[in-house]
Amino acid sequence: MPTAPSPLDLLLVPSWLVPVEPAGVVLKKHALGIRDGLIAWLGPRDRAPAAREVRELPDCLLCPGLINAHGHAAMTLLRGLADDLPLMTWLKEHIWPAEGRWVDEAFVRDGTDLAIAEMLKGGVTCFADMYFFPREVCDRVHRSGIRAQIAVPLLDVPIPGARTPDEGLHLAIELFDDLRHHRRISVALGPHAPYTVSDENLEKIRVIADQLDAPLHMHIHETAGEVEQAVADSGERPLARLARLGLLGPRLQAVHMTQVSDEDLALLVESDTSVVHCPESNLKLASGFCPVERLWQAGVNVAVGTDGAASNNDLDLLGETRTAALLAKAVAGSATALDAHRALRMATLNGARALGLEAVTGSLEPGKAADLVAFDLSGLAQQPVHDPVSQLIYATGRDCARHVWVAGQPLLDDRCLTQMDEPALTATARAWGARIAGNE
């Protein structure tokens with residue numbers, strides 16, 4: 001006789017369950033079961049199989065963990081260092097000199113820990129990162145329990161940890177091979193931007209990416225000035241140049257894309273390139289507006305990211321998603337643009353698709369990793385709850401993230417980090433702040 005299935009490790013019973021796929025669904029009186037780190041069951045709570053532990057989540061909305069599809073985690077230690085400046089002034093006169101002075105393995109270790117803790121406390125279960133000393137970043141991700149895509153930064157000039165472009169490529173290949181079978185870490189190639197990487201090096205990067213079947217993560221069309229300068233120098237828009245070099249495609253994550261012509265849109269659609277929208281960083285640096293609704297209606301996959309805390313100044317993906325939804329309506333001139341359900345999809349399943357992780361995470365479906373967040377909607381500011389997804393997007397702050405699981409492991413329990421020491425992280429960040437400010 002066939003043996004009965006083993007009991008679930010954990011059964012979660014929220015007030016509302018939002019699977020994201022299928023789209024627009026809110027389930028009541030449903031439960032979700034976890035076994036061996038995966039979603040093993042989802043259905044009406046009165047039909048739930050046996051479980052070793054049952055956890056009631058009254059007044060909570062259970063949904064996929066949020067996916068922060070672009071950032072520079074260690075730059076959290078530069079939060080607020082040089083605010084209210086244009087992008088290139090901010091970079092050339094403040095951020096790049098500060099990085100040259102302070103960035104080493106210890107800076108990356110401590111800044112990444114701080115960023116991971118902040119993201120977990122806001123309901124983020126997966127993030128994409130592009131920063132120096134990526135092996136150190138991978139180590140912090142591994143220790144923390146979060147999921148991440150780590151892009152190895154590649155530029156024509158020397159950077160911390162890589163004196164030449166070829167050294168950076170060698171590091172990327174080595175890291176990719178070392179972590180090929182890691183359950184929570186994937187490695188991408190990170191050409192910084194069209195204006196910092198030559199055709200010769202972009203061609204090398206494309207060849208390696210093709211050989212490894214590796215994702216590509218790149219800042220593209222961040223400002224009108226970037227595009228205008230490229231056209232003045234070469235007669236070619238950066239996206240068209242990348243198309244000519246063979247870099248567009250479903251593995252490319254085009255970050256920012258505030259400038260989208262009809263020709264750009266056609267290239268994005270034809271190549272199935274994903275766009276990562278970073279509205280608050282773009283607003284703060286006056287970089288422009290990504291036309292999210294236009295991209296979405298054309299069939300482009302659009303994810304959302306915070307960018308680094310040095311230009312945002314937080315890693316609040318729920319808040320970022322609210323800003324994205326509101327901005328999309330203003331840019332499109334339509335109140336129906338990027339409704340709440342689509343905004344949540346952008347912050348979950350679309351992010352997973354952009355990172356090539358849609359088979360692993362991004363929606364609540366049996367067989368996927370149990371990457372989950374329970375948002376508490378019991379507060380005064382969330383009442384009354386007519387539509388829990390609308391309340392989540394438009395009326396809920398990240399401090400309402402009550403529980404977070406990654407691969408079934410609880411990383412935030414009743415708003416407390418389970419694997420990280422919050423007071424120690426705060427003390428370390430303050431010490432870095434004093435050092436950078438010259439007070440130590």
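**Figure 1. Helix α1 gives the largest pocket the largest share of its lining, nine residues.** The pocket is lined by 28 residues. L91, W96, E99, F132 and H192 lie nearest its centre. About 570 Å³ of space lies in this pocket. A pocket is an open set of points on a 1 Å grid over the protein atoms alone, where a 1.4 Å probe fits, with protein on both sides within 12 Å along at least five of seven lines. Lining residues have an atom within 4 Å of a point. Grid points are joined across faces, edges and corners, and the volume is the space filled by probe spheres set on the points.

The model is predicted: local features need pLDDT of at least 70, side-chain atom pairs count only at pLDDT 80 or more, and totals for chains, interfaces and linings use all residues. Residues are numbered from 1 along each chain as its sequence is written, and side-chain values use heavy atoms, with hydrogens and water left out.

**Figure 2. Strand β7 (residues 124-130) is largely enclosed by the rest of the structure, because seven of its seven residues are buried.** Buried means under 20% relative accessible area, exposed means over 50%, and partly exposed lies in between (1.4 Å probe, protein chains only). Strand β6 (residues 66-68) pairs with β7 in the parallel sense over three bridges. Two strands pair if DSSP finds at least two bridges between them. In β7, F127 stands opposite N68. Strand β8 (residues 147-154) also pairs with β7 in the parallel sense, over five bridges. Here C126 stands opposite R147 of β8.

**Figure 3. A right-handed β-α-β unit is built from β7, helix α3 (residues 134-144) and β8.** Right-handed means that, with the strands pointing away from the viewer, the path from the first strand over the helix to the second runs clockwise. F133 lies in the loop between β7 and α3. Its phi is near 50 degrees, a positive value in a residue other than glycine. Most residues other than glycine have a negative phi. F133 is buried, with a relative accessible area of 16%.

**Figure 4. The structure holds three aromatic pairs.** Rings of Phe, Tyr and Trp (its six-membered ring) pair if their centres lie within 6.5 Å; planes under 30 degrees apart count as stacked, over 60 as edge-to-face and the rest as tilted. The rings of W102 and W432 have centres 6.4 Å apart and planes at 85 degrees, so this pair is edge-to-face. W102 lies in helix α1 (residues 87-102) and W432 in helix α15 (residues 422-436), so the pair ties together parts that are 330 residues apart in sequence. W102 is buried at 15% relative accessible area. W432 is buried too, at 4%. The rings of Y131 and F132 have centres 4.7 Å apart and planes at 45 degrees, so that pair is tilted. Y131 and F132 are both buried.

**Figure 5. W102, F107 and W432 form one aromatic cluster.** Two arginines sit over rings of this group. The charged end of R101 is 4.1 Å from the centre of the W102 ring. The charged end of R435 is 4.2 Å from the centre of the W432 ring. A charge sits over a ring if NZ of Lys or CZ of Arg is within 6 Å of the ring centre and within 35 degrees of the ring normal.

**Figure 6. A cis peptide bond joins E21 to P22, with omega near 5 degrees.** P22 lies in the loop between β1 (10-17) and β2 (27-28). Q383 and P384 are also joined by a cis bond, with omega about -10 degrees. P384 is found in the loop between β14 (372-376) and α14 (388-395). Most peptide bonds are trans.

**Figure 7. D307 has a positive phi of about 65 degrees, although it is not a glycine.** D307 lies in the loop between β13 (302-304) and α11. At 5% relative accessibility, D307 counts as buried.

**Figure 8. A335 lies in the loop between α11 (317-332) and α12 (340-346).** A335 counts as exposed, at 69% relative accessibility. From A335 to E228 the distance is 31 Å, C-alpha to C-alpha. The two residues are 107 residues apart in sequence.

Conventions
Helices (H or I, at least four residues) and strands (E, at least two) are DSSP runs, numbered from the N terminus.
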